[in-house]
Amino acid sequence: MDKVLLDVFVEHHNRGDQGQNGWKPHVYNAAIKAIHDKCGLHVTKEKICSRMKTFDKHCGTISKILSQSGFGWDWVNNKLLMDSDDVWNKYVQANPKAACYKNKEVKNWEAILTIYSKDHTTGDGAMTGAESAAQPIELDVVVVEASPELPPKRQRTGDAILCMLGEMKGSFQDAMKSLEPLELPKVTPPLEILAALEKIPDLARSDMLRAYGKLILSERLFQALMELPMEFRKEWLLMLNEKNNV
């Protein structure tokens, strides 16, 4: 039933039948009819809406995971790929609600991605790795004690005050350096990758989505694509997909 339902919504998505206020009424009617004709089931609009919310949740959670370094998508087994358990454990520690997706099978990912990817890559509450790196990090207040050699409760001269401020600045900067995070590698937002793929002439949707699954995992592959002239990009992506048996 899910495949029939998603096929209808993909078709109407490509027709532009999804507005700012949601899907147009005739889309639900088409879905109800398709499910009845092909599956022999009677469903209501409310049930379809509930199921579509589940797909939307899958897209939001999985897209956020795939935007991080170390993750990819297994198109054969319909689940996440990850470099190591350590990579997954660190992600779940920061995003505990995603824990159930480690071995979760999510079928029809290509259709779900087609329908919902733009909603989530434009920032539907999810941040990319680059956006996360840009967020300010809260630091504990560092209390710097004045030198004990300076007499307390005594008016200092201008030179003495400048000397004290210099010592405080140096101590504070040293403390801050120990708390600075390691610089993260650049991560291109998925929306930018998708936009670059959409500009390639005559690239089939299935080939585009397979390439998308590769490029969001490897920043280096995306940079290599962007260095190629436009007339070479389609052929290079098809060779990349064939090489990886996707």
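Predicted model: local features only at pLDDT ≥ 70, side-chain atom pairs only at ≥ 80, totals over all residues.
## The model at a glance

Local features here need pLDDT of at least 70, side-chain atom pairs count only at pLDDT 80 or more, and totals for chains, interfaces and linings use all residues. Residues are numbered from 1 along each chain as its sequence is written, and side-chain values use heavy atoms, leaving out hydrogens and water.

The protein has 11 helices and 4 strands (DSSP runs, H or I of at least four residues for helices and E of at least two for strands, numbered from the N terminus). Of its 246 residues, 33% are buried (under 20% relative accessible area; exposed is over 50%, and partly exposed lies in between, with a 1.4 Å probe and protein chains only). Among contacts (heavy atoms within 4.5 Å) with a separation of 6 or more, 62% join residues 24 or more positions apart.

Helix H3 covers residues 45-66, and its 22 residues should span 32 Å at 1.5 Å a residue, which agrees with the 31 Å between its end C-alpha atoms (the expected span is 1.5 Å times one less than the number of residues). Its buried residues include Ile48, Met52, Phe55 and Ile62.

In helix H8 (residues 190-198), the buried residues are Pro190, Ile193, Leu194, Ala196 and Leu197. They fall within an arc of 160 degrees seen down the axis, so they line one face of H8 (the arc is that of the directions from the helix axis to the C-beta atoms).

## Two helix contacts

Helix H1 (residues 2-15) packs against H3 at about 85 degrees, with the axes 12 Å apart (axes are lines fitted to C-alpha atoms over the stretch in contact, and angles run from 0 to 180 degrees between N-to-C directions). H1 and H3 are therefore roughly perpendicular (65 to 115 degrees; under 35 is roughly parallel, over 145 roughly antiparallel, and the rest oblique). Asp2, Leu5, Leu6 and Phe9 of H1 meet Ile48, Arg51, Met52 and Phe55 of H3.

Helices H9 (residues 205-215) and H11 (residues 230-243) cross at roughly 70 degrees, their axes coming within 10 Å. This makes H9 roughly perpendicular to H11. Asp207, Arg210, Ala211 and Leu215 of H9 form the contact with Leu237, Leu238 and Asn241 of H11.

## Two loop residues with positive phi

Most residues other than glycine have a negative phi. Asn108, in the loop between H4 and H5, has a positive phi near 60 degrees. At 24% relative accessibility, Asn108 is partly exposed.

Asp202 sits in the loop between H8 and H9, and its phi is also positive, about 60 degrees. With 68% relative accessibility, Asp202 counts as exposed.
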